[in-house]
Amino acid sequence: MIGVDTAGVAAKLGTAADTATAIPQLAAEVGLDVPTAYGVQAALVQRRLDRGERLVGLKMGLTSKAKMAQVGVDEVIWGRLTDAMRVPDGGAVDRAAYIHPRVEPEVAFLLDRLPEPGEPVGDFASAVRAVAPAIELIDSRYADFRFSLPDVIADNTSAAAFVIGPWSPVPAGLDNLGVLLEVDGRVVQVGSTAAILGDPRRALDEGIRLAGRHGVRLESGWVFLAGAATAAVPLRPGAHVRAVVEKLGTASLRSSS
């Protein structure tokens with residue numbers, strides 16, 4: 001889109017994240033459409049790379065009807081992950097570093113080779129080295145966690161942090177595994193991997209296709225977060241969060257403040 005200052009929009013979002021300060025939605029004000037929003041996202045992540053972070057993977061967003069309904073948008077989106085976003089399994093995050101963080105259970109893939117665009121889902125076993133339960137911590141930089149589709153894309157799909165549990169070989173089926181999200185030992189969300197586009201492997205196929213439109217190809221050794229299996233829940237101060245995925249195990253994090 002002509003006339004959009006992508007670097008300027010990225011700077012506003014980057015400052016909001018760095019200072020944990022919410023800002024108003026930007027898309028309507030600056031005339032941001034979806035393709036240009038991905039340009040802002042690239043500029044936003046480049047700011048992180050310029051200060052020494054490195055890309056380690058991609059993530060999908062809004063892959064479940066629950067998430068689409070929760071945030072009021074209706075299109076699958078993708079974002080970028082850096083090494084600084086990764087939290088060790090069982091590790092702590094400083095809640096004060098975020099604006100209004102939420103957590104959600106996910107399935108993560110570890111890529112063994114570069115999948116080809118349009119590669120059949122059934123062939124992914126040879127492209128994926130391992131699979132793991134995961135937690136994504138999302139934190140919209142917009143006030144009240146409200147945004148349009150271009151807004152959230154520009155904001156790197158609300159990416160903030162992620163935890164990956166133990167890696168294991170890919171099981172025969174990933175399309176209907178039970179998923180729990182626990183907070184302080186209490187189950188707060190129940191779902192299924194079927195909520196992730198019917199099968200998390202389809203999310204990988206979709207991610208390859210969508211990222212490829214913008215010249216981004218997944219790399220061997222990258223992590224791929226397939227998307228949330230349930231709606232996200234707010235991260236409370238001092239909370240202990242655990243995601244449980246049938247056959248895959250658990251991943252957890254603690255809020256240190």
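This is a predicted model: local features need pLDDT of at least 70, side-chain atom pairs count only at pLDDT 80 or more; totals for chains, interfaces and linings use all residues.
**Asp144.** I then looked up where Asp144 sits: the loop that runs between β6 (128–138) and α5 (149–154).

**Leu197.** Next I turned to Leu197, another non-glycine residue with a positive phi, here about 55°. I found Leu197 in the loop between β9 (186–192) and α6 (200–212).

**Helices α1 and α3.** Then I moved on to a helix pair. I noted that two packed helices are described by the angle between their axes and the distance between the axes. For α1 (residues 6–19) and α3 (residues 34–50), I wrote down an angle of about 55° and axes 8 Å apart. The two helices are therefore oblique to each other. I also checked the handedness, and α1 passes α3 in a right-handed crossing.

**Who touches whom.** Which residues of α1 and α3 make the contact? From α1 I listed Thr6, Val9, Ala10, Ala11, Leu13, Gly14, Thr15 and Asp18. From α3 I listed Thr36, Val40, Ala43, Leu44 and Arg47. Sorting the contact by class, I got seven nonpolar, four polar and two charged residues.

Methods:
Residues are numbered from 1 along each chain as its sequence is written. Side-chain values use heavy atoms; hydrogens and water are left out. Axes are lines fitted to C-alpha atoms, for helices over the stretch in contact, and angles run from 0 to 180 degrees between N-to-C directions. Helices (H or I, at least four residues) and strands (E, at least two) are DSSP runs, numbered from the N terminus. Angles under 35 degrees count as roughly parallel, over 145 as roughly antiparallel, 65 to 115 as roughly perpendicular and the rest as oblique. A crossing is left-handed if the near helix is turned anticlockwise from the far one by less than a right angle, and right-handed if clockwise. Contact means heavy atoms within 4.5 Å. Ala, Val, Leu, Ile, Met, Phe, Trp, Tyr, Cys and Pro count as nonpolar, Asp, Glu, Lys and Arg as charged, and the others, Gly among them, as polar.
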